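Thanks, everyone. Let me put the structure on the screen and walk you through it.

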Amino acid sequence: MGVAERVGPAGASGVAFGPPIYERSRIPQPTPTVLQVDPALLEEGDILTVNFGPNHPSTHGVLRLQVDLNGEHVVGLNAVIGYLHTGFEKSMEQKTYWKAITYPARIDYLSFQMNELVFVLAIEKLLGIETPPKAVWMRMLMSELSRIHSHLIWLGTGALEIGAISMLWYCFRERDAVLDLFELVTGVRMHTRYFQAGGLAEDIPPGFYDECRRFCELMPKAVDDYETILDRNAIWLERTKGLGLLSAEDAIALGQSGPILRASGVDWDLRRAQPYLAYDQVDFNVPVYTAGDVYDRYRVHMDEMRESVRIIVQALEGMPEGPWIADDRKVVLPPRHELHTSMESLIHHFKLVTEGYRVPEGEVYVAIESARGEMGCYLVSDGGPKPWRVKFRAPSFVALEATATCISDALIADLIAIVGSLDTVMGEVDR
Amino acid sequence: MTSTYEAVPGFVEEKQAYGETTVVVERERLVDAGLYLRDELGFNFLSDISAADYLGWGEQGVAGYWGSRAGRDLNAPGSWGLAKTPEPKPTRFSISYHLLALREGAPRVRLQVWCDDGEPVPSVVSVWPTADWHEREAWDMMGIRVEGHPNLERILMEDDWAGHPLRKDYPIGGEPVRFSGEE
């Protein structure tokens, strides 16, 4: 089956997608996420079932795959998850909102800023609080840095698993530069808790713009370097092209989002389709490739890193002046210096820290385009200071559902490349 | 003006809040409603299935040292309570299907059904295959009995786990600690 004929149409602009009826689907039946061994093969009695993981360096965490092999071919697959389940959603129900903001970052430890962002946006939607433009633009800038950070780890570890060890060192070099920027802005390298309801936790520090500009000059060259290493590497091409095929129709049916969906030829990016933050005010392209294989997922990741740098440059240029947090004393902590002189500020500070702020009753679902796709947050409030229910729509969780579809007829050696290309973070899968 | 969603099979009510549309349908006709939304209205993308447990909803009382239903309790700061008594919920559980249409404007709708403990909810795997794991999670975490699911097993907890952790009556910190050196 050729690659080109399996893929739905996609244009450079506008949205193209296949028919809603899933013809020619490769999704396994009856369970979409379990590839069952053909009974005819079972009768021959040559099927070997192996346990891949849960502790295997290339599973990006603790993922267990029960793989049925017929010789070198994968004929059955069942993904077993939950080894990293930490009950974040339950814990968040016990915390006041401003304390709960620390949790989402730890769900997906590679694009932590975006997870924070989606939760904070959900709180803000219920509160109806206005965020000052400077905070909006800084959030966008930090999200894009986070996207680069996440993609770099994906590329480094993904290439490492296929055997390109040097990629890991190059990617982690640039990743460190991103983490240095995070440290400069927030004081910590990971799990920054920089966003909060109403704006940012701190003002942008002096010197950040220069450092960030320097990074923006360095990063596109680094992406060129990666491509020089990989794009003409025969082993890399052999091991990525035409593997792990996912058609546009199947990708939509399986709820795939982000780079996986765009590599399958669906021109869909929430940053453009339902602009949030200031994405409608910056100029960027959405890379779309049509083969739906591992190689195209790699291409999408590479292009997205370049586009992220473009967005960051524009955000640095267009960063508005002004306050970095909303002036709402019922939600936002008063400035530190006021605590020494103003009784009212002291009371507000005390009440916010001990009791938190109350969020109006209601339910919202907020989705953003995280590094892995649609990151959603369903938040239910009963009007009290703690969330009644928080549920995250984790793109990695959904991406793993596609494993069984991508893997059919693959070789065992390609299993690692294919699972790796889905860019899953097990912390986010298991939450 | 009639609503777009009144023709959805099993339509119960439509709610607008915070710029989001919620369409509540009868539990028994969920699959028909899903097919209608997918094929007639173009909601071809299921983002998420979220179950919520409303046990004890609104029992916290109203904020302040006066006005709470349980009366005055100086040991619990009254302001930890609610601003006002929330709207009562029809049943204990809600299951929300967050739908998205991959087209210009990215319209979203929340398809919602309500059920009590033990009442079955039909599976929508045949409508959106991605529902597979989401429904398993709803069963695992909330104990929603999904009917017609091809492979309804626990997904995040162990196979022999007792109880459904995200229910409101499931204690936090109540699970036995393993490998702690205790017998």
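Predicted model: local features only at pLDDT ≥ 70, side-chain atom pairs only at ≥ 80, totals over all residues.

A word on chain B itself. Chain B has 2 helices and 7 strands. Read from the N terminus, the order of its elements is β-β-α-β-β-β-β-α-β. Of its 183 residues, 39% are buried. Now take the contacts in chain B between residues at least 6 apart in sequence. Of these, 54% join residues at least 24 apart.

On to chain A. I'll begin with helix 17 of chain A, residues 412–421. Is this helix largely enclosed or largely open? Largely enclosed by the rest of the structure, because 7 of its 10 residues are buried. The buried ones are A:D414, A:L415, A:A417, A:I418, A:V419, A:G420 and A:S421. What covers them? The cover includes two strands of chain A, strand 3 (64–70) and strand 4 (73–80). It also includes helix 6 (133–162), helix 9 (234–240), helix 13 (294–318) and helix 16 (403–407) of chain A. Just past the end of helix 17 of chain A, A:D423 has a positive phi of about 55°.

Look at one residue there. A:D414 sits in helix 17 of chain A. Why does A:D414 count as buried? Because A:D414 has 22 C-beta neighbours inside 10 Å, and the cut-off for buried is 20 or more. Leaving out residues up to four places away in sequence, A:D414 touches A:R239 and A:L243. For scale, take A:A177, 237 residues from A:D414 along the chain. The C-alpha atoms of that pair are 32 Å apart.

Now the partner helix. The axes of helix 6 and helix 17 of chain A come within 9 Å and cross at roughly 175°. Angles over 145 degrees count as roughly antiparallel, so helix 6 and helix 17 of chain A are roughly antiparallel to each other. From helix 6 of chain A, the contact uses A:G158, A:E161 and A:I162. From helix 17 of chain A, it uses A:I416, A:A417, A:G420 and A:S421. By type, the residues of this contact are 3 nonpolar, 3 polar and 1 charged.

A:Q66 faces A:N78 in strand 4 of chain A. Their hairpin has 2 residues between the strands, and A:G71 takes a positive phi near 70° in it. Strand 3 of chain A has another partner: strand 2 (residues 47–52) of chain A joins it through 6 bridges, again antiparallel. There, A:L48 has A:L69 of strand 3 of chain A as its bridge partner.

3 strands form an open sheet in the order 7-8-9, with antiparallel pairing. Which strands are at the edges? Strand 7 (362–370) and strand 9 (389–393) of chain A, each pairing on one side only. The twist averages 15° from one strand to the next. Strand 8 (residues 373–381) of chain A meets strand 9 of chain A over 5 bridges, in the antiparallel sense. One opposing pair is A:L379 and A:V390, the latter in strand 9 of chain A.

What lies across this sheet? Helix 5 (residues 112–127) of chain A lies across strand 7 and strand 8 of chain A. Its angle to strand 7 of chain A is about 150°. Follow A:A122. Setting aside residues up to four places away in sequence, A:A122 touches A:V364, A:V366, A:C377 and A:L379.

That takes us to the core. How many residues does the largest nonpolar core have? 171, and the residues with the most contacts inside it are A:V118 and A:A122. Helix 6 of chain A gives the largest share of this core, 15 residues.

Definitions and conventions: Residues numbered from 1 in each chain as written. Chains lettered and ligands numbered in written order. Buried ≥ 20, exposed ≤ 12 C-beta atoms within 10 Å, placed from the backbone. Helix = DSSP H or I, 4+ residues; strand = E, 2+ residues; numbered from the N terminus. Contact = placed C-beta atoms within 7 Å. Pairing = 2+ DSSP bridges. Axes fitted to C-alpha atoms, helices over the stretch in contact; angles between N-to-C directions. Core = buried A, V, L, I, M, F, W, Y, C linked by C-beta atoms within 7 Å. Parallel < 35°, antiparallel > 145°, perpendicular 65-115°, else oblique. Nonpolar A, V, L, I, M, F, W, Y, C, P; charged D, E, K, R; others polar.
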